[in-house]
Number of protein chains: 2
Amino acid sequence: MIKERLAALRKQMKELSMDAYYIPTADFHESEYVCEYFTCRKYMSGFTGSAGVMVVTMDHAGLWTDGRYFIQAENQLKDTTVTLYRMGQEGVPTVTEFLQGVLQEGMCLGFDGRVVNSLYANQLKEALPGVNFAITDDVVGKIWTDRPGLPDGEVYILEEKWSGESCASKLNRVREEMKNRQAEYHVLTTLDDICWVLNVRGTDSVASPVVLSYALIGMDTMTWYVNEKKVPASVREALAKDGVEIRPYNDIYEDMKTITETVLYDPKKVNYALSALIKNSVCADNPEVLMKAIKNETEIANLRQCHIMDGVAVTKFIYWLKHEIQKREITEWEAAEKLSWFRAQNENCFGGSFGTIGAYNANAAMMHYSPSKDKPVYMKNSGMYLVDSGGQYWQGSTDITRTILLGDICDLWKDHYTRVVRGMIGISKAQFLYGCRGLNLDILARGPVWDIDIDYQCGTGHGVGYLLNIHEAPNGFRWRIVPERNDSCVMEAGMVTTIEPGVYIENSHGIRVENEVVCEKRGKNEYGQFMGFETLTVCPIDLDAILPEEMTKSERKWLNDYHAYVYKTLLPFMNEEEATWLQTATRSI
Amino acid sequence: MIKERLAALRKQMKELSMDAYYIPTADFHESEYVCEYFTCRKYMSGFTGSAGVMVVTMDHAGLWTDGRYFIQAENQLKDTTVTLYRMGQEGVPTVTEFLQGVLQEGMCLGFDGRVVNSLYANQLKEALPGVNFAITDDVVGKIWTDRPGLPDGEVYILEEKWSGESCASKLNRVREEMKNRQAEYHVLTTLDDICWVLNVRGTDSVASPVVLSYALIGMDTMTWYVNEKKVPASVREALAKDGVEIRPYNDIYEDMKTITETVLYDPKKVNYALSALIKNSVCADNPEVLMKAIKNETEIANLRQCHIMDGVAVTKFIYWLKHEIQKREITEWEAAEKLSWFRAQNENCFGGSFGTIGAYNANAAMMHYSPSKDKPVYMKNSGMYLVDSGGQYWQGSTDITRTILLGDICDLWKDHYTRVVRGMIGISKAQFLYGCRGLNLDILARGPVWDIDIDYQCGTGHGVGYLLNIHEAPNGFRWRIVPERNDSCVMEAGMVTTIEPGVYIENSHGIRVENEVVCEKRGKNEYGQFMGFETLTVCPIDLDAILPEEMTKSERKWLNDYHAYVYKTLLPFMNEEEATWLQTATRSI
């Protein structure tokens, strides 16, 4: 099947005089998750992993993916004639190096210019001097006969009682930034930023309530390019009041050709096809990113409620699991479904904010593990279940991880567990001067595991959207300086970030504990503005897996204070048995 | 007197057609401390502070200095006609803004091109388009009749048993870097870097054993521009074996004119007059900086000995002070002198590595305080004495601070003291992955004082030279990202850095505790290379000022282990009374 698709693609490539065709895993908007319509790379290679790039030439096809997917890709590429390129391994060429090897001067590289961002396309151009770029054809689209359609769910308004700021006010702030940059227009293509400005939400991504669309903001105008069928009259009317005009999704490409004024855009985010139509530009990060990251008072007040509702669901789930597992074996999948059910009991909840990671013992050592319905993994009343999940609510998005003791574990696991909890507490209780970045604070979470020669090999935490993307820039906790990520921004009051250290021991066990915190201002004096964090997540941390004597007095105090707050806050929502258990689960240590 | 000097300067400026004359506080080598010959700004303004810039026009004279010196400068500038510009205060123009205000197109700014670095001079040029620069005249030198001469102390060789690497080997490594940069020559003007390459030392700075000189390194040649009278025949012969030719100090300016090949230089370090003579250049940080910062095994072994000798002196001093103060009042100055005397008892010690800061109670709140002989401050058997000092030895340079309890102090002071000690321990016992920078670790030292809304408003630590400058780039511990400082480099094994958190409460008290540590490799595994610190400083930390219950178990363990090591190491050098006291001073808590 893959072979036939490759033959059909090559036939098209020949007609279009393309020597190589480049197929990334992306939509037109640089989204983290893409919907089925955009899975060209999967369609052409058979590889179903979430990350990968494919290149097809007349006599070769290659797939590049990272270490998480080597084994899966190897299996899925069998008998497809597609060669696996293991990224990061010694001697394996990068995509660019491969293209430099096969493309001579005068030859042609094709790709759909809408699924490659402007910055990367320009880097490719520099790396391939004399090579022609053909970017107007979606060649996979030409041969993909049973391609799924674009999503067409309805758009709805996020009222100001949830968003805390009108679309008009947000547009004013954006226009101020446009003035500062001497731009008359601003083209915005990132879906969460568009939804944030317009105070709209939709159903166009698996777990993020975004709407496939583009936006063009002028000084007095705003045009929203979106499939008009998705926009009910009430939404259209509401937006019209803020001067927002609605035009068909694809019309932005024609409209952009007519604009001669200076356009502000982010080349890391705007696709190459669109950016190529901009005549006068000023490039900068989208100003919406920082505005959206700093939650306003209404959003923060709503988030507090949101996390109580979410905490009720997760806490009831923990009670259920800890007790049910004493009676029978439960699969990872059933447990994850049960947690979704607990969340669904709340009418404010739209569903999950990302695919639940529910992993038992050794499976939890795989950071991006998904429980499988078809290959059930049975859990017993021993060991630990790690569950990383979240919900979307009118009151915001949540992301929480708890590792739950199902029975006895050894002292080594308890030591690891204790260090992870200490790490989470380390950032939670930090006080620091304004100006600190995530990279100044990361070691407070990572130190306890670094002390025993272990690292969790990923960031300690990420920003979280408000009824939007679960991974939101620019805030985060990391220790490495990665110039292309801008998550080493200064921590601003109102930024919501996860703290999720872990220990992952291959073939043995995995532990992660994750709370969300919102950055807040503390005292101001001659030394500057002191800052700290308020914890949003409300859910007990499993005391049975903790070695209290390995914690400092101030760590224990933080945990005891937190558990007292958890108990007081959740008690009204618990039934009698749950309440009795919760009292023990939140006891002072 | 100042008025007459200004009149004389203006007369010269008129003859040279200069409309403004710029006088910084600098020598020809961007040294941190300048010798008397280079104190033109002090001579012209009467202001004796260590930092300041002066600008003289035909009808105005201004002095710019920072907050540390506002009061002092105000007093010293009285009746001089020189206006004080308080840097950083609202509404106060910067030097550049001032120059932009007074210099029109076609007018002339004069300065001695040898005392302004290339980078800054070029920034000035950009800020002052159309203004002519006259850089060949040292106009202050023309009117300064009784100017002190340049220092002329003898140069000596640092043998390989001290340096651990021959000049030939160092030159090879530097030449490798020159090749990497495609440079045929490398001009080096920073005094400590020159001394490091040549394995020579001298007496041309107050406390740093450097030699006023320039170096021009070719692929097969090295020319050292230095006052030949200072170089004994034996040194000349030793250097000749490594192919080092000696030429008069100032000849580099003439010689540079003849070089047409590419010259590697650091525009932040090389002065503008010299850089202006370079025809083809490649600009980069001096490669010697990183090489010099990473101490070799011989240097580290010597440093261990060095810190034992230094620890003996400081510990005997502490014993003396704590006991003598029970009998009589002692001045800050006498105490500082006594400490110097204890150091001088060791034949390996050349003297202090910087001016001792010895401050009693409220005086210790001034971070850069110097005890005065003329205005004695008497200490009693109560309160605390902060002493920050160091020595220069064949075995290296030391920098140590102890705050010594002289009698009773209140619990608030003890709380502050305990937090400072906890901060020092925080970095000392950190384990981290290779790749961490000072800015990842700083909060481990600063956290305990940030927790109570206090900050020490300076870096936590700096690199230290080997029988060289006490402040050495590029390593350090700070939390702010300051792009123009490159002290956020990756911590490399062999780097020696101070850890010196503090608490400074104006008009009340000041506490600082400072150890030196050397970065070391620990275990390496699938997560990477783990790193940590070995403490070099060997001297008790005053337990009488500590609240043990405010420390964590692991902090107390670190301190007890450290004190056990201090006791074992210093015991052989103590007399009977000292030994008895030391046992108590290093007891387990």
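**Strand 1 of chain A and its partners in the predicted model.** In this predicted model, A:Ile23 lies across from A:Met54 of strand 2 of chain A. Strand 1 and strand 2 (residues 53–57) of chain A are antiparallel and pair over 4 bridges. With strand 5 (residues 108–110) of chain A, strand 1 pairs in the parallel sense over 2 bridges; here A:Tyr21 stands opposite A:Gly110. Strand 1 covers residues 20–23, with A:Ala20 and A:Tyr22 pointing one way and A:Tyr21 and A:Ile23 the other way. These four residues are all buried.

**Surroundings of A:Phe317 in the largest nonpolar core.** The largest nonpolar core has 155 residues, and A:Phe317 and B:Phe317 touch the most other members. Apart from neighbours within four places in sequence, A:Phe317 is in contact with A:Ala335, A:Lys338, A:Leu339, A:Phe342, A:Tyr385, A:Val387 and A:Ile404. A separate, second core contains 74 residues, including A:Cys35, A:Val155, A:Leu191 and A:Leu239.

**Interface of chain B and chain A.** Contacts join 29 residues of chain B to 29 residues of chain A. The two chains bury about 2700 Å² between them, with 56% of it on carbon and sulfur atoms. The interface has 0 salt bridges by the rule applied, and 14 residue pairs are in polar contact across it. On the side of chain B that touches chain A, the elements giving two or more residues are strand 23 (432–433), helix 17 (438–450) and strand 27 (502–505) of chain B. Helix 17 of chain B gives the most, with 6 residues.

**Salt bridge between A:Arg512 and A:Asp388.** The side chains of A:Arg512 and A:Asp388 form a salt bridge with an N to O distance of 2.8 Å. A:Arg512 belongs to strand 28 (residues 509–512) of chain A and A:Asp388 to strand 19 (residues 384–389) of chain A, so the pair links distant parts of the chain, 124 residues apart. A:Arg512 is buried at 4% relative accessible area, and A:Asp388 is buried at 5%.

B:Arg419 and B:Asp415 form a salt bridge, their closest N and O atoms being 3.1 Å apart. The two residues are 4 residues apart in helix 16 (residues 411–428) of chain B, and therefore separated by about one helical turn. B:Arg419 is buried, with a relative accessible area of 13%, and B:Asp415 is buried at 16%.

**Further salt bridges in chain A.** The side chains of A:Arg236 and A:Glu228 meet in a salt bridge at 4.0 Å, N to O. A:Arg236 is partly exposed, with a relative accessible area of 32%, and A:Glu228 is partly exposed at 32%. A network of salt bridges links A:Lys322, A:Asp542, A:Asp544 and A:Arg587.

Definitions and conventions
Residues numbered from 1 in each chain as written. Chains lettered and ligands numbered in written order. Predicted model: local features only at pLDDT ≥ 70, side-chain atom pairs only at ≥ 80, totals over all residues. Heavy atoms only, no water. Core = buried A, V, L, I, M, F, W, Y, C linked by side-chain atoms within 4.5 Å. Buried < 20%, exposed > 50% of the residue type's maximum accessible area, 1.4 Å probe, protein only. Contact = heavy atoms within 4.5 Å. Pairing = 2+ DSSP bridges. Buried area = accessible area lost by both parts, 1.4 Å probe. Polar contact = N/O pair within 3.5 Å; in protein donor to acceptor, adjacent residues only side chain to side chain.
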